[in-house]
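Trainee: Could you take me through the reading of a structure, feature by feature?
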Amino acid sequence: MNVVSLVLQAGLRDLSRNRWIVAYTLCFLGIAEGLFWFGGTGPQVLLSLLNLVLLVLPLVALVFGTIHVYASREFVELLLAQPVPRRQLFTGLYLGLALPLAGAFVLGAGIPFAVHAREGASLGGVVALLCAGVGLSLAFAAIATWIALRTDDRLKGIGLALGAWLAATVVYDGLVLGAAAAFGNYPLERPLLALMLANPVDVARVLVLTQLDVSALMGYTGALFERTFGTVLGTGVAAAALIIWCAVPLGLAERRFTRRDF
Amino acid sequence: MLLALALAQPTARNADLTVGAGGRFSTITAALAAAKPGDRVLVRAGTYREPTIVVRTERLTLEGEGWPVLDGQGAREVLVIAADDVTVRGIVARNTGVSNLEDRAGIRARSVRNCVIEGNRLRDNLWGIYLQQSADCIVRDNDIEAHGVRQTESGNGIHLWYSPGARVERNHVRGQRDGIYFEFSPHGVTRDNVSERSQRYGLHFMFSDSCRYEHNIFRDNTSGVAVMYSRGVVITANRFERSWGSAAYGLLLKDIMGGEISNNTFDRNSTGLFVEGSSRLDVRGNVFSQNGWAAKVLADADENRFSGNQFTGNAFDVTTNSRSANSTFDGNWWDEYAGYDLNRDGVGDTAFHPVRLFALVVEEHPAALLLLRSPLVSILDAAERVLPVLTPEALVDRHPLMRPPR
């Protein structure tokens, strides 16, 4: 455990000196506060931030994450020369990346909502948005770590990260929309729900939808939606899926890290 | 007016007949048999299990003191008003039981005029208050609650059938089939009522022309509120909240000719306002917030005018089922409007198209709804707004407001 906290501290120190993470926090803070400032009501700000969370968070986590892992390569090699358990080293490395990312988002997006608590954003909506953001940060930091550990070529790694971002945010939804149109005559609820769970960005979005747009989701003619979204079950399933989306890439990355020859 | 004066005369009430503890009568039926027109029958606290009580004396007042309970024992109607100018107040009518053969009511007015039913409590009755071919009656301050499980085993809270000129005010109805129901009952006024958790509609009215509905709250009703086949209806300053489901509407308008829907709030309904086959409606000053579909206006509804409304936080603002637009939208405030106002007159300089491409996609492929708020969908909508190909170009607000009205 000692090693975890040591590496974590090193990572945190490294990141806090990094102007990018400060700029990232200030960016969210500025946008959320600005939206309130220019006459946005709570629910409107939530919706605008949702778009930002779905697009920007994965991008920053992926690109920034891969760069960070590549950059700490020498540090890792130095530590590996010492009698240090690899698993603990990895945990420290990952947390040193993921925690600042998630923390920067929570601070940047959370503070304006706390300040403007009276402007009508539902608590459930804000909590769902923050959870979605944290989940996305953790999941995409894990994916970034995995990509950086798999690929030694930095350019290729960053290219892969960008590709993953494009696929998860836009391309995937396009394919789903195409599938929904092509197979419109079949009962699609179940497969579509499954498809949503298979992409972390969609999981995060659905998690927020279950809080913000229940009225719309309940308007769909389907008992499955009614059972899923009308209750805590929907929120629970989405949250669980996000956790799986953090755990699986993290497990893959850890396997890679413990077995690879540096 | 004359009638009110006549009722106010001290001579109008002759005697008090007291039922129950310390009174001359032990049953309400006996007291009613002895009463003369204008008398008051005062019922003391207690539980009264009698055959269906029928008031046959004109200008009689039946008044409870300390909430006497009139119990139908699950077997029969509780109280029937069968004479003109009767007032019933302060009683608890309960437990008519369920019947598939007869419409049992807690309190029924049968072919009378000027009845007043006020300040009563109705509990677990099949029908609550039932006005049957009774004109100019007042139903106010009643508290009606039922715990029916199935639509088919439940009746309406306040039910009007061929009862013109009624005033329904400040009642609170919970858990009946339809909270308030009007059929063939024109010229009614319904205000300040709360109707919630109905198994079907919070308010349901048909064939009732020239009625007014104001300051009522309808919430958590299974199917919302339905208004059908009437003319000259005024619906103003009501709240329609949380009607959830694929066939649930905050307010459903079907075949309504010429009416006013103003200053209402539609909040968190699956569909806020649904307009079908209705024409010349003036829809203004309403707030549509956080609904799935704020307004669904079908193509067979024409010459309706939407102005001065606020649309905020809805998944979809307006949808329709045609490329032509037969209703007009002008001077509304849309939270999704991103235009500018160079001459600073409060009206946006570019037009707003409230029908999103994604709304049409969902209309065609309902399951695509799961992609709501996806970045991809925002991109598609933005592209469609720049170059409208599929959305109804004619359905446009040319004078969108820069700020919410009021």
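Predicted model: local features only at pLDDT ≥ 70, side-chain atom pairs only at ≥ 80, totals over all residues.

Trainee: What is the mean pLDDT of chain B?

Mentor: pLDDT is the predictor's confidence in each residue, from 0 to 100. For chain B the mean is 91, and 97% of its residues reach 70 or more, while the model as a whole scores ipTM 0.86 and pTM 0.88.

Trainee: In which sense do strands E1 and E2 of chain B pair, parallel or antiparallel?

Mentor: Strands (E, at least two residues) and helices (H or I, at least four) are DSSP runs, numbered from the N terminus, and two strands pair if DSSP finds at least two bridges between them. Here E1(B), residues 16–19, and E2(B), residues 40–43, are parallel over 4 bridges, with Thr18(B) having Leu42(B) as its bridge partner. E2(B) is also joined by 4 bridges to the parallel strand E5(B), residues 61–64, where Leu62(B) is the bridge partner of Val41(B).

Trainee: How many residues of chain B are in contact with chain A?

Mentor: Two residues are in contact if their C-beta atoms, placed from the backbone, lie within 7 Å. By that rule, 29 residues of chain B are in contact with 31 residues of chain A, and helix H4(B), residues 375–386, gives the largest share of chain B's side, 3 residues.

How values were computed: Residues numbered from 1 in each chain as written. Chains lettered and ligands numbered in written order.
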